[in-house]
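Please open the model in your viewer and keep the selection panel at hand. The tour below moves from one site to the next, saying at each stop what to select and what is there.

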Amino acid sequence: MSEHNAGLSQELLEIRDLTRKFMSKEVLPAEEKAPFDAFELPDDVLLALQKKAKSIGLWSVRAPQEYGGGGLSLLASTVIAEETAKCKMGAYVPACGATGSNPPAPILLGTKEQISRFAIPAIQDGKKAFVAISEASGGSDPARSIRTRAVLKGDRYILNGSKMWITGAEKANWGLLFARTGDQGQRGGITCFIIDGKPKGMTIKEMNVIRSYSPYEIFLENVEVPVEHRLGEEGQGFALCEKWLVEGRVPYSAGTIGIAQAALDIAVQWAKDREVFKSKLADKQAIQWMIADSDMEIRAARLLIYEAAKRCDEGLSFKTEASIAKVVSTETAGRVVDRCIQIMGGMGLSKELPLERWYRELRIKRIGEGPSEVHRMVLSRELLN
Ligand SMILES: Cc1cc2nc3c(=O)[nH]c(=O)nc-3n(C[C@H](O)[C@H](O)[C@H](O)COP(=O)(O)OP(=O)(O)OC[C@H]3O[C@@H](n4cnc5c(N)ncnc54)[C@H](O)[C@@H]3O)c2cc1C
């Protein structure tokens, strides 16, 4: 299949090739030995991969260089995100965790102490963090639905309430948790707190979802958070995280397209090899059209993702573009993997190949990071106002 370079510079094509090589030579062979539904590699295997990733500049690529990250542009990190998604675990753990994680960026707006205690270990040593916004009362409109309350008493806040669907809460070393310090319904009434480890009064419960890697409920009963672990000022919670939330949608979208591309590559090879009714599947027009439609849709989504990333890198507003990229890529990826399963028949549904796993996991992508309807609302508001 012709390679879709989408106008990337030579430098970005080299970053893409380097990532591809790292994935095929290092990550995929290591992942092959893990169980089908695994979401982590054994510690020693992961550490060896991480060492390698660091040595070739594929570590915490978006985090600032001054703190030990790669300092790459959003476009470059988006190109990398597409490639690192091309593995069984890729829908949630890019490169099986080999390339580190960029900590939630609002922490970089914190005090010197907060940065050195929380951000730097996350960037340099891969310490993990959760972000807890959603609650049982609703995730699409958190400004109105957050009920978890923080009340200042002396030099600490007392937190009561609960969070729902929180990814990685169990193994996180710290987290950002958004609670109400102002009036119900006020966007400006939300404050962000750093939760250090598992403080007294905080309990966590696993929630089963469509994939094997579960998010968690967090319950807070009189949890004490010192004032110095408040991020920014009272009421600044959403202002601190807005740009980061928008930016996050761009590599998130690229990951879904990476999976769609990987599925299509498998299905194309299958169609070329498989013979039915005296000719190859690749000779049947119904199959050809499924392949052609999938390729066209992936290319279109990729261009929209790059547009959003470029606008961010150029300092332009990119909220609408990120929403468009998120909806188009997540919906495209779901359709493409569905078609690829159809092309492959029973083998598409078997656990010999990652397609059925990707099919399930991609379904989450149309709800996480803002559901499709909310992003459509962002776009239509702009068009109609
Ligand atoms: C696996 C998984 C991991 C997650 N990880 C995290 C995490 O780490 N941290 C975190 O804070 N949250 C996390 N979430 C929560 C996620 O962000 C929310 O599920 C999402 O924001 C939707 O919120 P909700 O589920 O409460 O749905 P609701 O807000 O109740 O919405 C229900 C449905 O109504 C639709 N809807 C909403 N508003 C409108 C509208 N105006 N017009 C038309 N339709 C509308 C939505 O699109 C959705 O389809 C995770 C969710 C899942 C499933």
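How do the residues of the shell around the ligand divide into nonpolar, polar and charged? In this predicted model, the shell comprises 10 nonpolar, five polar and two charged residues.

Begin by selecting the ligand together with the 17 residues around it, of which Ser134, Gly139, Ser140, Trp165 and Glu373 come nearest. If you then colour by secondary structure, you will find that strand 1 (129–132), strand 3 (156–166) and helix 11 (372–384) each supply at least two residues of this shell. Colouring by domain instead shows that domain 2 (129–231) and domain 3 (241–384) each contribute at least three residues to the shell around the ligand.

A polar side-chain atom of Ser134 lies 2.8 Å from a nitrogen atom of the ligand, while a polar backbone atom of Trp165 is 2.7 Å from a ligand nitrogen atom. At Ile133, look at the backbone, where an N or O atom lies 2.9 Å from an oxygen atom of the ligand.

Of its 30 lining residues, select Leu28, Lys86, Gln261, Ala262 and Asp265, which are the closest to the pocket centre. Helix 1 (10–32), helix 3 (74–84), helix 6 (237–273) and helix 7 (285–313) are the elements that give two or more residues to this lining, and helix 1 provides the largest share, with seven residues.

Finally, colour the lining of the second largest pocket by residue class, which gives 11 nonpolar, four polar and 15 charged residues. By domain, this lining draws at least three residues from each of domain 1 (10–105) and domain 3 (241–384).

Conventions:
Residues numbered from 1 in each chain as written. Predicted model: local features only at pLDDT ≥ 70, side-chain atom pairs only at ≥ 80, totals over all residues. Heavy atoms only, no water. Near = heavy atom within 4 Å. Polar contact = N/O pair within 3.5 Å; in protein donor to acceptor, adjacent residues only side chain to side chain. Helix = DSSP H or I, 4+ residues; strand = E, 2+ residues; numbered from the N terminus. Nonpolar A, V, L, I, M, F, W, Y, C, P; charged D, E, K, R; others polar. Domains from an automatic or database assignment. 1 Å grid on protein atoms, 1.4 Å probe; cavity = no way out; pocket = protein on both sides within 12 Å on 5 of 7 lines; lining within 4 Å.
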